[in-house]
Amino acid sequence: MKIGNPADKRNTAPVDGNVAQAKGERAPVDKSKAAATSADPSVKVQLSSGAEALRGTAENAEFDAAKVERISQAISDGSFQVNAEAIADKLIANAQELLGKTPR
């Protein structure tokens, strides 16, 4: 069931009364609100051990630009072949790892 017409919704007044925003114009910036939403420098953030592990792997990951270029060129040429069996094996291994199971 359809409720209302989308064209009618464009002509409605904004709920919070901000007419400039409803018309697609830039509303004036209230600097007191912006200051209130910025992070307090005294707030302490602590990452979980899992997050720290992920952060460490991202920093140590190597980027092989030459390999990316070779694969990109093979895709462009139409000569890139997907090894479905290898992908399936890795998906299964990842799923088993996530579920806490060891491969048989």
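1. I71, I75, F80, V82, I87 and L91 form a nonpolar surface patch of about 560 Å². Helix 5 (65-77) and helix 6 are the elements that give two or more residues to the patch. A patch joins nonpolar side chains (Val, Leu, Ile, Met, Phe, Trp, Tyr) within 5 Å, or like charges within 9 Å, from residues with over 30% relative accessible area and no salt bridge; a salt bridge is a side-chain nitrogen of Lys or Arg within 4 Å of a carboxyl oxygen of Asp or Glu.

2. This is a predicted model, in which local features need pLDDT of at least 70, side-chain atom pairs count only at pLDDT 80 or more, and totals for chains, interfaces and linings use all residues. Residues are numbered from 1 along each chain as its sequence is written, and side-chain values use heavy atoms, with hydrogens and water left out.

3. I75 lies in helix 5. It counts as exposed because its relative accessibility is 52% (buried is under 20%, exposed over 50%, partly exposed in between, with a 1.4 Å probe and protein chains only). Of the 104 residues of the chain, 2% count as buried.

4. Helix 5, with 13 residues, reaches 18 Å between its first and last C-alpha, close to the 18 Å expected at 1.5 Å a residue (1.5 Å times one less than the number of residues). G78 follows helix 5 and has a positive phi, near 85°.

5. Helix 6 (residues 84-99) has end C-alpha atoms 22 Å apart, in agreement with the 22 Å that its 16 residues should span. Just after helix 6, G100 has a positive phi of about 80°.

6. Mean pLDDT (the predictor's confidence in each residue, from 0 to 100) is 75 for the chain. Confidence is lowest in helix 2 (residues 19-22), at a mean of 52, and highest in helix 5, at 95. Where pLDDT is low, the predicted coordinates should not be read in detail.

Methods. Helix = DSSP H or I, 4+ residues; strand = E, 2+ residues; numbered from the N terminus. Areas by Shrake-Rupley, 256 points an atom, 1.4 Å probe, with all protein chains shown as cover.
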